[in-house]
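Subject: Structure for you to look at

Dear colleague,

I am passing on the structure we talked about, and my notes on it follow below. Please read them with the model open beside you.

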Amino acid sequence: MSNLKTQFMILLLVFVPIAVSVKPQQPVEALLRRLDSKRSSASVQQAAAKALLFRLLPTHVDSFEFKIVGKDVCGGHSCFVINNHSPSRRYGPEIEIKGTTAVEIASGLHWYLKYFCGAHVSWDKTGGVQLASIPNTGSLPRVKDEGLKVQRPVPWNYYQNVVTSSYSFVWWDWERWQKEIDWMALQGINLPLAFTGQESIWQKVFLDFNISKGDLNDFFGGPAFLAWARMGNLHAWGGPLSQNWLDQQLILQKQILSRMLELGMTPVLPSFSGNVPATLKKIYPSANITRLGDWNTVNGDHRWCCTYLLDPSDPLFVEIGTAFIRRQVEEYGDVTDIYNCDTFNENSPPTNDPAYISSLGAAVYKAMSKGDTDAVWLMQGWLFYSDSAFWKPPQMKALLHSIPFGKMIVLDLFADVKPIWNTSSQFYDTPYIWCLLHNFGGNLEMYGILDAISSGPVDARTSANSTMVGVGMCMEGIEHNPVIYELTSEMAFRSEKVPVKDWLRTYSRRRYGNAVRQVEEAWEILHRTIYNCTDGIADHNTDFIVKFPDWDPSLESVSNTSEHKRMHMFFSLDKKRRFLLQTTSSQFPKAHLWYSTQDVINALQLFLDAGNDLSGSLTYRYDLVDLTRQVLSKLANQVYVDAVTAFQKKDVKAYDVNSKKFVQLIKDIEGLLASDDNFLLGTWLESAKKLATSPMEKRQYEWNARTQVTMWYDTTKTNQSQLHDYANKFWSGLLESYYLPRASSYFHYLSKSLRENKDFEVEKWRTEWISFSNNWQAGTELYPVKAKGNALAISRALYKKYLM
């Protein structure tokens, strides 16, 4: 307990300042009062919080007493209060937690478990929970006599990106969703996106507009591609959706919403953005419906591309939008006033005339407000960054001011890297949420900017004339980098900047349940390297194992490759497509690297040195495997460069050594990942198949699951998908059966070219590889869902093999 006492003293100095909140604008206050009136009763919320405690820590369910209190306890704001419980009986409650909602109670519980008991909660797939440090019932640590009050400096903690539902949630059942909502509540999330099951609502709405179920088969995407069908990027790809899927997802959505409401959350529901089935143009020939251009197909294949958009200025837009909102209220009840709509996201208006843009914005809002008179429009602010050439100040103001003040909230989606609030006069006085984007495609890459997270929300909130109303997490995929998401969630309760070095020291003790010097030193290194990406580049895992370059190295002169040894790659975000494009003058591929690899190797050595003390910890095992993977994948990038450089210099011996080493690294990383349950392809595939109710559905769902993490989109005989490897994953099973054959085949053709002094047959390789991929995507081979091997022993062996 001495370590806990030391930790507690540090935390008292660092973590308990009570927030001094900036008074919200009057319309926001009115919205908050209205949302409060929709919440479940105090008894329902208290019971929901107690049930969460039982699922998390059943041995201590009687050790805590929960109570919902009014906001007057915290001067009209949301908060939680932790007190010692008055002893009444020997085995009665020890700690009392009060909160303005059940989310606040859960946040208070999490805060207490972290900072008084040294516990840790993360996603199961990032190691899960560390609860062994919590004392037995009857011996829980006391708080100060006056208690601890933590008040939110801003009203909301927002969660999800519109594509998270496809990259992470797509195959979830209620059991998994229940765990996620528990995690959300513990992290203090009170404004989550709730997009599940909307296709069922759309089916009912469009049937009223004389569009048949058969017509909708060409409109909806497959399960793993629904996010992009919803946005109008594609149609039919991976589909059609069975009636079973539609019914199943609607039931699931009702379960999700019910639990969110029980915990006092405000769900954000979808609204109409103008994306319509092709048939609507035939049924309403006079409607202003435009066919959009291609979005990332190989050759503009109309089977998948070029969707239809109903102009917001057309009266039919308001009619359909109103019907959709009302149908949701019919199905779910009056559960929210906040609706997401991104009509102009990756789809610029036809003219930059501010008056026209203002009329479009007003029309979008009218469709919402006719369905819900108190509707508030929540909009991703991505367009102001991604299409900044169009959205100049006059156009931004026209859109943001096209609806009544307080009726729009903007997500500053990329604020962790490229904030918009500070270059737009606080979104021209529009309420906004400071958001972390962080992840693309659900890639597994250790990455982040901890210092920006610890200071960014505070800088935004305390800036002159701030209109910031929340902190949000808008990652494309979840279940990685738990340190990033824990700190970001905490910033919704922090009134001051967090000293990251001190916070990481306590984080490592909580995460592993023990204070181990080597691990704490390793985290200091990770803070200034991996988690200090200050180059302004949106990180998308471009490591060559998982995003193998498709190019002909014989076309590149050797003289242009000398600089590539440094392995620094500069990528720009194709802002309208949300993926990374290489922008170097040379064709020679490079991977994003923003830190000293030797420093991170040193951190790995420290992790390994701590292995004997922490070998039983699942959180340690996850981090060890992830860090070893990170180190070896960066090594593989350099080995690839060495192999290709040797090919260009016609150095057969060096080529053989490095190409074989690259292939062996894939095999060795495969074995490493197989030693932890959280890095397995089989889990992803089995969860997809589990939702099927027929053999046909089973094959379709598995194809969707396999395709998303590999080719993603359409191909031709000699052209890979433009989005291939966008959602790449470092998963055991995927490395061995997909990435390994790809690299082996490529190097075989390079070797043949080198030895026979012939041109590299890149077209032949592409043809062979695309055929292989198509077969793999349609395959049904089984992959393990249980780990094998000793992760610590494997990591130590690989360190000795490659890094000593």
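V663 counts as buried in this predicted model, because its relative accessible area is 14%, which falls under the 20% limit used for that word. The residue belongs to helix α24, which covers residues 652-673, and, once its neighbours within four places in sequence are set aside, V663 is in contact with L740, S744 and F747. If you look for S107 as well, you will find that its C-alpha atom is separated from that of V663 by 46 Å, the two residues being 556 residues apart along the chain.

F662 also touches F747, and, again leaving aside neighbours within four places in sequence, its other contacts are F544, I545, F548, A636, V639, Y640 and A743. Both F662 and F747 are among the residues with the most contacts inside the largest nonpolar core, together with W156, W377, F384 and W712, and this core has 273 residues. Helix α23, residues 618-648, supplies the largest share of the core, namely 15 residues.

The largest one has a volume of about 870 Å³, and its lining is made up of 29 residues, with K125, W172, R176, T683 and S687 lying nearest its centre. Two elements, α6 (174-187) and α25 (681-690), each give two or more residues to that lining, and α25 gives the most, with five residues. By residue type, the lining of the largest pocket divides into twelve nonpolar, twelve charged and five polar residues.

With best wishes

Note on methods. Residues are numbered from 1 along each chain as its sequence is written. This is a predicted model: local features need pLDDT of at least 70, side-chain atom pairs count only at pLDDT 80 or more; totals for chains, interfaces and linings use all residues. Side-chain values use heavy atoms; hydrogens and water are left out. On a 1 Å grid over the protein atoms alone, a cavity is a set of points where a 1.4 Å probe fits but cannot get out, and a pocket is an open set with protein on both sides within 12 Å along at least five of seven lines; lining residues have an atom within 4 Å of a point. Grid points are joined across faces, edges and corners, and a volume is the space filled by probe spheres set on the points. Helices (H or I, at least four residues) and strands (E, at least two) are DSSP runs, numbered from the N terminus. Ala, Val, Leu, Ile, Met, Phe, Trp, Tyr, Cys and Pro count as nonpolar, Asp, Glu, Lys and Arg as charged, and the others, Gly among them, as polar. A nonpolar core is a set of buried Ala, Val, Leu, Ile, Met, Phe, Trp, Tyr and Cys residues joined through side-chain atoms within 4.5 Å. Buried means under 20% relative accessible area, exposed over 50%, partly exposed in between (1.4 Å probe, protein chains only). Contact means heavy atoms within 4.5 Å.
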